[in-house]
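This report describes selected parts of a structure chain by chain. The sequence and coordinates are shown first.

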Amino acid sequence: MNTKTAAKKEVVKEDAMWLQKEMINRNYHEVATAREAGRKVSATFVPGNLNELLMCFDFARRLPETDALQNGLRKKSGKMIMDAERDGHSEDVCTYVKSDLGMMLQGQVGPTGEPMPHPDLLLLSYTGCFTFMKWFELVRQKYDCETVMLHVPYQGDGKISPAMRDYVVKQLKEKVIPTCERISGVKFDIDRLREYMKESVKAEENLVRVLQSAKHRPSPIDGYFGAVYYIGPMFTAFRGVADATRYYEVLWSEVEARIKEGKGPVTPEGDHPGEKYRLVVEGPPNWTSFRDFWKMFYDEGAVVVASTYSKVGGVYDFGFRHDASRPLESLAEYCLGCYTNLNFPQRIDMICRYMDEYQADGLLINSIKSCNSFSAGQLLILREVEKRTGKPAAFVESDLVDPRYFSAANIKNRLESYFQMIKQKRMAVAA
Amino acid sequence: MSVQDIVKRCETLFEDLEFNAVKQWKAAHPGAKAIGYMPIYVPREIVHAAGMLPVGIFGGGDQLEVIQGDAYYQSYICRIPRSTIELGLTGKLDCLDGMLFPSICDVIRNLSGMWQIMFKDKYVKYFDLPQNYDDSTGGAFYVHEMQTLCGDLEKISNRKITDDDLRRSIAVYNENRRAIRELYAYRAQKPWQAPTSEVYLVLRAGAVLPPEEHTVLVRQYIGETDKEKRPQRDNARVVLTGSFCEQPPLGLIKSIEMAGCYVVDDDFQLCQSMLLDDVSLEKDPLQALSEAFLHRSAQTSSKYDEKKEDKGRHLLRQVKTRGAEGVIFAAASFCDPALLERPMLLEILAKHKVPYTAFKYAENTGQMAPIREQTGTFADSIKLWSAA
Amino acid sequence: MKTFIGIDLGSTTTKAVVMDERQTVLGRGITNSRSNYDTAATIAKQEALVAARFFLFRKTLSGAVDGDLDGFLAQLERDFRLEQYLEQLADLEQVCERNVATAKFGDAAAGVAAALKTLFSLLQKEAPALFAPGARRKSDFFRDIAGAQYLALGEQVAKDASVRYDMLLNVFDRSIIEVENRVYDASIKTHLLAALERAFVALPHTRAFSERIRKPIQSVLDTDMDETYVVGTGYGRARLPFSKEHIRSEILCHGLGAHVMYPDTATVLDIGGQDTKAIQVDRQGIVESFQMNDRCAAGCGRYLGYIADEMNMGLHELGPLAMKATKTVRINSTCTVFAGAELRDRLALGEKREDIMAGLHRAIVLRAMSILARSGGIRNEFTFTGGVAKNEAAVKALTDLVRENYGEMTLNINPDSIYTGALGAATFAWRAVMEEGKTAEAREKVAA
């Protein structure tokens, strides 16, 4: 364990975090130098991220959503968004898109400072979000990138039908794989895919252990702010890569150690001051004020024990694992099962289950202005969960990467009111 | 019936948020059901073939105060879902036995799930339209989706939908589509004879009337208005696009015309004109509907354009075939499909030197002055500076 | 005696409420919020404590004054305010004199200094009239009263003294903040005693009872009002002048305050200057859920302020005007930024002012209804607080909409609802000690 103390005012990170940071930086470097290395560059989305498949074609892999959030964390996204708006994009639309387009307008310098090449292939994994379609159409229009659509149908009835699975598999066979072959020049080898998928499963097992460790009291992890780092490798360019498997092994051992020592989560300022409130959070985090937002939680002794955002790139804690014995079907099921592709009743069920299994005191919804997929209808989620669990829910509003939509005072006020509300309720029950 | 009578009837139907026309139809067809559908497109033929009335739901418009509906949505989401919920919660949609939510955007998508929770006794289906245009892939998925819908409606109505039923309904809607094409062609030819503020009402009547009746009404309107001598103006001819889901208030359409424009094409009621020509009666009916949608349908933001070159092609064709001089891009506030698409379309229009202007509205926009100003200036600029 | 104090640092005004061990409200204080939060909190608290003393005066004096006790206490209060005002005026004069020296007026400095002397002697002379019975003031805050008088008299004085008016104003602007931020708690007893003498002069018949009056008053003044526990609330501040233990969220304070005023209340609506809050409380006054609209000031107090400015009317005149409407003009947006434009648009269309006003009030209430619906609806009893609650047209629109959508309901409106937050905070303070057993804070005795 790192022993950097808070007194030195340095940010505390675990070993796993450093590993993860290294992986991300290395990947950005690979992407930046792909042309020289004679590699092609692919871009796809986190929900429906077919990383194992893309690796079969030796693509250097970009995920524009993570570029946007990395730029947000580094406070660069604000300018990018304004550049995009000046270029004609509406103030009402997704700020990930605008951040990406703005970044491209200024030479596409990535979050690590290296300029990134335009993708050779846009794998438009149309999973759980309408905006994805327009995002890649916009990039294609401006920069002439080859695009292939993978339509992942929505689970309107709360289940995956054979027709839905067959549709996705057929598209993979007839459109996605041939296009990848043509662009990369690499022939598809299904056994290679199987190997990657087997590797993925090892990582998935450990990720689930880590996420479910929050069922302990105190929780050794923060299942939202902390989980953002944990899901990184799984949801991005590293699922199926040995480095990621190693990362999750290290991570799990760190978490196991914390459980044994009865410790709470690590925060940027050191060990968590002490678990007073256990929350489930629905909705993506804010990236531009990520640390400040997190601090509002641990300053009050709040730990997030489970979140829905940590399932946006795949739901693994309800049993799904990549299945190498039926690779394409399994990839289809993976895509179809991502959180934002679940219907409303399923989302509410998941939240209620988390509230129960993780012994939460309440639900917090972080409603993101940019993201209609998550946000439209969250007020109903709030009331339904309150109704079904009898526990209080709170509602704050912010955005993904547009700093103009994060008002610390407003959010702090609402959070503090919420925590005090829970505290008062507890005292009333005890009396 | 004079043209004024026709328009008055259509206006009454349009303003009636109690959906009396639907109630009357149900009373006249005891036991028959009515199924609502939201924008942009569903194959209404299937509902019709099940012996049911398809009812287009376009929100509550500017006359509906939204009080309960606002409890479900934050301020940065468009108005149509909240006014639709308002209609539902105030009992105005009780005459509907089910609702279809096509895949248009995430807001409507999520609304389908909310509807399942809020109105547990109603049939609800999210209708996923294909984004892959191969008959054997996207087509197969789409046919399966339609088969599922057929099966669900059969269960509700307790009677089988035969291929003949489907073909009969396709024929009915083919005729309706033809009538609408005639209407659009007529308007483009003589826009002063068919002001869009009237044409719009005639189109909206198609949301609540049985298609057979609507077809007659459309042709009646064309016939009657052609008899009248209506004053011609020196207006700019424009295509109005982007208003395919949440509808602008009637006052906004009137304001655009008052400001000096003839709207010679639009996408207000895409459901009625999504399929560009007749659906074949020769083959398997669901197969025919699938092929028509995959290969012979309009372009709109919620449909993926497979090739980069395809983007904007439909819009440019509209401009060309209708002899339009410019494009007005009118999008509902917060509308992801319209607003994300807009920069691409405007770029293409610019490349082809088609003048355009763009603004946003809400279904209950009350301030028309800024729109009149902007549209008026646009119309003037077209007349002053475009090549004759 | 033990007292429990709640202080609410609002965006425009800071309020304080003092209650005793039996949760009886002894006094309330209000002052304009200023850049120095400690001062605003202290002054509001002081005002409340002064009011508490008057409350105690009333209790001890009942029966001591034949006839009009209210009249006597009112006179006493006026004279107390006068004494306060005079001291602050004297301070202001001193500070102004000091600031003339540093004002860079060059040759004009001497003239300005002389003019100031004249001006202040005038201000001192006419001060009593400001606090005479029946005198009407736009505001009770020193800055406003002194400022208005200074402006009114200063112009003539400047002319007579051949000195630039703007220079006189400049000196005022530079001096007022310092005086406004001074705390006068040490002088309170002195002022009260001096005021007592003035009161005897103003109401000669009371001099007959002076002995019966003096002793009880002195005993109240000598009672140590121990600030046993203080709870503060208010948001949007980088730092509240209280330790963490002593802060409660303004939403909780507001909910509890409404509950104390109306024990059966279940839903509370507060339309403030800049935000709207909808709060659901349980039987103990604890918040169950809440929704706020704090990102946008549409339909809040400030919006009405802009409308009032546009119409060239007083804020308090908007409601009565709206009540005269014969039809409701539909206004679809209450965007503060476009308030003026929307209004002019309607007027240009020929709509009558009262009809537009009625439409506006309905639009404001519709917005509040949305937030209420999101918080969980409106349950009986329903309490409406905040400045807008004083607006009869808003109340009418709300009553109608509530009845239409939620049925008949008891609607509670209290003219003192501006103190709701502070009342809740004081109650939290009381609960902290009396129910949760928190230790009373050790206080250093301040010399009287």
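The structure is a predicted model.

**Contacts between chains**

Chain A touches both of the other chains discussed here. Toward chain C, 16 residues of chain A are in contact with 17 residues of chain C. On the chain A side, strand S10 (393-398) and helix H16 (408-430) of chain A are the elements that give two or more residues. H16(A) supplies the largest share of that side, 11 residues.

Between chains B and A, 43 residues of chain B are in contact with 39 residues of chain A. Four elements of chain B give two or more residues to this side: helix H5 (106-118), strand S4 (123-127), helix H6 (135-157) and helix H14 (336-351). Here the largest share, 10 residues, comes from H5(B).

| Domain 1 of chain C, touching domain 2 of chain C | one residue | five residues | one residue |

**A helix of chain A**

Helix H12 (residues 327-336) of chain A is largely enclosed by the rest of the structure, because seven of its 10 residues are buried. The buried residues of H12(A) are Pro327(A), Ser330(A), Leu331(A), Ala332(A), Tyr334(A), Cys335(A) and Leu336(A). Their cover includes helix H2 (51-55), strand S3 (121-126), helix H7 (162-184) and helix H8 (190-212) of chain A.

**A strand of chain B and its partners**

Strand S5 (residues 236-241) of chain B has five of its six residues buried, so S5(B) is also largely enclosed by the rest of the structure. One partner of S5(B) is strand S6 (residues 261-266) of chain B; the two pair in the parallel sense over five bridges. Within this pairing, Arg237(B) stands opposite Tyr262(B). The chain passes from S5(B) to S6(B) through helix H10 (residues 250-258) of chain B, in a right-handed β-α-β crossover.

S5(B) also pairs with strand S7 (residues 326-332) of chain B, again in the parallel sense, over four bridges. There, Val239(B) has Val327(B) of S7(B) as its bridge partner.

**Domains of chain C**

Chain C is divided into domain 1 (1-42 + 226-260 + 416-443), domain 2 (62-223) and domain 3 (263-413). Taken over C-alpha atoms, the centres of domains 1 and 2 of chain C are separated by 28 Å. The contact between these two domains takes seven residues from domain 1 and five residues from domain 2. On the domain 1 side, strand S3 (25-32) and helix H1 (37-61) of chain C are the elements that give two or more residues.

**A sheet of chain C**

S3(C) belongs to an open sheet of four strands with mixed pairing, in the order S3-S2-S1-S4. S3(C) and strand S4 (226-233) of chain C stand at the edges; each has a single partner strand, so one side of each is left without a neighbour in the sheet. Direction ignored, neighbouring strands of this sheet are turned by 15° against each other on average.

Strand S1 (residues 2-9) of chain C runs parallel to S4(C) and is joined to S4(C) by seven bridges. Ile5(C) has Val230(C) as its bridge partner in S4(C). H1(C) packs on this sheet, where H1(C) touches S1, strand S2 (13-19), S3 and S4 of chain C. The direction of H1(C) makes about 145° with that of S3(C).

**A loop residue of chain C**

Met313(C) lies in the loop between helix H9 (301-311) and helix H10 (315-322) of chain C. Is Met313(C) buried or partly exposed? Within 10 Å there are 15 other C-beta atoms. Burial needs 20 or more, and a residue with 12 or fewer is exposed. Met313(C) is therefore partly exposed.

Leaving aside its neighbours within four places in sequence, Met313(C) is in contact with Ala308(C) and Leu318(C). Met313(C) and Leu372(C) are 59 residues apart in sequence, and their C-alpha atoms are 30 Å apart in space.

Methods. Residues are numbered from 1 along each chain as its sequence is written. Chains are lettered from A and ligands numbered from 1 in the order in which they are written. This is a predicted model: local features need pLDDT of at least 70, side-chain atom pairs count only at pLDDT 80 or more; totals for chains, interfaces and linings use all residues. Domain bounds come from an automatic or database domain assignment. Ala, Val, Leu, Ile, Met, Phe, Trp, Tyr, Cys and Pro count as nonpolar, Asp, Glu, Lys and Arg as charged, and the others, Gly among them, as polar. Two strands pair if DSSP finds at least two bridges between them. Axes are lines fitted to C-alpha atoms, for helices over the stretch in contact, and angles run from 0 to 180 degrees between N-to-C directions. A crossover is right-handed if, with the strands pointing away from the viewer, the path from the first strand over the helix to the second runs clockwise.
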